[in-house]
Amino acid sequence: MIANTAFEAATSCEANFDGLVGPTHHYGGHSFGNVASTGNAKLVANPREAALQGLAKMKALADMGYQQGVLPPQERPATWLMRELGYTGSDQDMIAAVGNTNPGYLSAMCSASSMWVANAATVSPSGDTLDARVHFTVANLQNKFHRAIEHRQTERTLKAIFADPRHFNVHAALPMMAALGDEGAANHTRFCSDYAGQGVEFFVYGKQHWGGRVEPQRFPARHTLEASQAVARLHGLRDTHTVFAQQNPAVIDAGVFHNDVIAVGNQNVLFCHDEAFLNAPQVYAELNRKFGAGFELIEVPSSAVSVADAVKSYLFNSQLLAKANGKQRLLVPEECANTPAVWAYLQHLVHDNRAIDELLVFNLKQSMQNGGGPACLRLRVALNQAELAAVNPAVWMNDTLYAALTQWVQKHYRDRLHENDLIDPALLTEVRTALDELTQILQLGAIYPFQRQGRDD
């Protein structure tokens, strides 16, 4: 395990687990409501560059002293799903049958969308839960076909990394139905004074399935209040330290498909757009009351940054990172620097004596063009020292792992992939060879369907 050098005296930390971009990364345009995803459909992708860009971000945070972990990609093409849907023959036969009749169907079954692990699960640290364990509820992602097929693998992966039942409880996804649409941590954040202590968990939903009165009209509200309430119950959260808020339907219709495209929080800070929430004054008042003294709201006015510029730049799909001086770094994609209004606002922000006093800018173009920024790529897990020691140590980023994964990517990943290439029978062999090697590097055991044939555990 790497040392948390920036906070050596701390008894706890917030670890970031980033999703490693998979070998089938391509631009399929599957995510209706995600403007970048649909707008860049059919472009040629570079899986190798995408994976290396993500690894560079992980390594940079580890070098700054943050606890940084790696979450592996999922097996694609999803041949196990083809067989469940009635296709027969060899895996290559099924891929050909799907690809020759419906290339878009094959594209969805090859999506590398699991790299956006902010949608992998919702996480509640032990300081918040009644049984004092870290709880994970895998997101069902039922609104989109290409993501709804992820949850079983996500559960296996999380159980391989957070295996000790004394410290961790990984819950299966909620039932796969519209009333319980759950998009995971992309619609959840946590405020706290100490990562190991009691915090306030903030759940944001798109609509209330039963009894709701307001919802978006153009794009779907993927996450329901009922799903968030179920997760809070499963995790044993206290009502006195839990807040539920509805996302503004107008911003969903403007392309803000998850809350992490319009707001981000960490420790005592909420950084958000002034159009982020329905009934925002009441939301802020409840957060202030339940958090107590010291809660800080940084609300970006529409007059400074429009919702359109926020979506274009992914200003809020950023990472707030605690610093030893009590301030916070904001990690943003390069697109923020290339959007004049956003960059002007950020320059003002870091010199305004507020909680955010430093900017980190990263090139994540391959992910951004598919609709996911820095915040999409990471799952946050607050851990105390005992819990840190119980995590599978092979997934922590350090010099050795970075070198191994960089070499692995360069060996196995293509530098060009278009939707039309997914039917290539060689791709399946390439992917499985790569993933088999990856499970050995990360010491995960047999987690993939092709490794587990005949097993149902």
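Predicted model: local features only at pLDDT ≥ 70, side-chain atom pairs only at ≥ 80, totals over all residues.
## Helices α16 and α17

Helix α16 spans residues 399-412 and helix α17 spans residues 425-441; their axes come within 11 Å and cross at roughly 170°. The two helices are therefore roughly antiparallel to each other, since angles over 145 degrees fall into that class.

On the α16 side, the contact is formed by Leu 401, Ala 404, Leu 405, Trp 408, Lys 411 and His 412. Helix α17 contributes Thr 433, Ala 434, Leu 435, Glu 437, Leu 438 and Ile 441. Classified by residue type, this contact has eight nonpolar, two polar and two charged residues.

## The sheet β6-β7-β8

Three strands make up an open sheet of mixed pairing, in the order β6-β7-β8. Strands β6 (188-191) and β8 (242-246) are the edge strands, each pairing on one side only. From one strand to the next, the twist averages 20°.

Strand β7 (residues 200-205) runs parallel to β8 and is joined to β8 by five bridges. Within this part of the sheet, Val 204 stands opposite Ala 245 of β8. Helix α10 (residues 280-291) lies across β6, β7 and β8, and runs at about 170° to β8.

## Cysteines

The model has zero disulfides by the rule applied, which requires a pair of cysteine sulfur atoms within 2.5 Å. For Cys 376, the closest cysteine sulfur belongs to Cys 336 and is 13 Å away, which is too far for a bond.

Cys 376 counts as buried, at 3% relative accessibility. Cys 110 is also buried, with a relative accessible area of 0%.

How values were computed
Residues numbered from 1 in each chain as written. Heavy atoms only, no water. Axes fitted to C-alpha atoms, helices over the stretch in contact; angles between N-to-C directions. Helix = DSSP H or I, 4+ residues; strand = E, 2+ residues; numbered from the N terminus. Parallel < 35°, antiparallel > 145°, perpendicular 65-115°, else oblique. Contact = heavy atoms within 4.5 Å. Nonpolar A, V, L, I, M, F, W, Y, C, P; charged D, E, K, R; others polar. Buried < 20%, exposed > 50% of the residue type's maximum accessible area, 1.4 Å probe, protein only. Pairing = 2+ DSSP bridges.
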